[in-house]
Amino acid sequence: MALPYTHHYDLSFSALNLKKFGSSRLQPICCLRCNSSVSSSPFTEKHSLQRYQRDQWVYNNNNQQRPSLSRDDEAASCSVPADSDSIRLNDIALQLPELRKLLQVLKHKRESCGGQVPKNGPGNVFLVGTGPGDPDLLTLKAVKVMQKADLLLYDRLVSNAVLDLVGPDARLLYVGKTAGYHSRTQQEEIHELLLSFAEAGATVVRLKGGDPLVFGRGGEEMDFLQQQGIQVKVIPGITAASGISAELGIPLTHRGIANSVRFLTGHSRNGGTDPLFVAENAADPDSTLVVYMGLSTLPSLAQKLIHHGVPPDTPATAVERGTTPQQRMVFAELKDLADKIKTAELVSPTLIIIGKVVALSPFWPQSLTEASRLVEV
C-alpha cells in the first residue's frame, strides 16, 4: 500500500533513499584462535550510523536535535554504550511528532477510501523471522512482505544486509533491546506501536532475528494483538541453532550420537550470573544443547551441567555473529569453554552448542579422529 504523502503533512521518503550498504558477500571469518580484534558489527547497534540513517524520518521535526555520529562512533558500533532513562525518554519524545503524523496520514487514507477505519477493518501485522544474519537465508515469503510493508519495526539482531531488502516506500523504526539495556522502547511500548498502526490500517511488519517464536517474545506480541482483535500472521525464520550449526557442519542430531536436541536460554531471572534452572534431564550426554543468550551465565551453566552428569570433556563451541562475514568461533571442551570465550573476547550475539556432535564439525581440532571414534561407538 503506497502512502499518499503530501505537502500538507510535510512528510518525505527522501531519508530512505540511501546508498545501499555493501551487498557483496564476504567469506565467513572462522577465527579458531580468535586473537584478532572484533570486527564492525553486521547488526544494528543503537548508536550506529546505519540506525540513524534508516530512522532519520522520525526526527524530521527535530533536525537540530537529531543525534549525530562521528566516524569514531561508527567504528565503535559493535559495543553498546550505557544509556540512562532520561536519554531513552528524550529519544521517544523526539520521535513522537513524526509517529503521530504517520498515523494521521494512514487514517486519512483509510477514510478517503470509503469509510471509517472500523468499517474497512484493521491493517495487517506480520511477525517475520529474518534468520541469524545472512540475507540468503531469508524465506521468499519474508522478502515479499518486507517489500510491501508500510512500517517495519526491527530488532538489533536484524542484520544490515537483511534491511537492505526492505521496500523503498517503507518506514523503518528501531526498537532494539539488549540484555540489561533497553533503547527506544520497553516491550509494552512495542505492543502499543503495533496496535496503533494496525488500527490505522497499515501493513505493519515486526522483524525479528532468527525465528520470531524461538526466544523472540513473538508469542507475547501475538497474544497482545489478538486480544485487541488484530489478526497476526507469522512468517517463520531459520533459528540461530539451525543456521549456525549448518554453517559449522554440526548435525544437531545424529544416529547413535545424539538422539535429541534441546534449546535453552542463558538469560538469568534477574539479570544476574545464575542461569535459568537446568533440570537434570537437560544434562543428557546423548542430547545436544543449544544455548541462546548465554555469554554471561555460561560459567554457572557449565558447572550445573557437569554436576548433573555431562562429561567435562564434552565438545562445545561458541559462535559470535554466526552466518555473517564477521563470524568468529571458539571450540573447546565444556570445562574450558568459558575461559576460551573470555580470552577471545566474544560479544553478543553468541550462540553456544554443547554435545558430542560438535566433534563432527570439520572445525573441531581433532575432527577426523574424533568423528571416526564416535561413529564406531
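Two strands count as paired here if DSSP finds at least two bridges between them. Keep that cut-off in mind for the views below, which come from a predicted model.

**View 1. Strand 9 meets strand 12.** Residues 287-292 (strand 9) and residues 350-354 (strand 12) run antiparallel, with three bridges joining them.

View 2. Five strands make up an open sheet in the order 8-9-12-10-11, and the pairing is mixed. Strand 8 (260-265) and strand 11 (328-333) sit at the edges; each has a single partner strand, so one side of each lacks a neighbour in the sheet. Going from one strand to the next, the twist averages 15°.

**View 3. Helix 9 on the sheet.** Residues 240-248 form helix 9, which packs on the sheet and touches strand 8, strand 9, strand 10 (315-320), strand 11 and strand 12. The direction of helix 9 makes about 70° with that of strand 12.

View 4. Threonine 288 belongs to strand 9. Its relative accessible area is 0%, so threonine 288 is buried, the cut-off being under 20%. The side chain of threonine 288 comes to 2.7 Å from the backbone oxygen of leucine 252. Leaving out residues up to four places away in sequence, threonine 288 touches Leu252, Ala258, Ser260, Val261, Arg262, Ile353, Ile354 and Val357.

Technical notes. Residues numbered from 1 in each chain as written. Predicted model: local features only at pLDDT ≥ 70, side-chain atom pairs only at ≥ 80, totals over all residues. Heavy atoms only, no water. Helix = DSSP H or I, 4+ residues; strand = E, 2+ residues; numbered from the N terminus. Axes fitted to C-alpha atoms, helices over the stretch in contact; angles between N-to-C directions. Contact = heavy atoms within 4.5 Å. Buried < 20%, exposed > 50% of the residue type's maximum accessible area, 1.4 Å probe, protein only. Polar contact = N/O pair within 3.5 Å; in protein donor to acceptor, adjacent residues only side chain to side chain.
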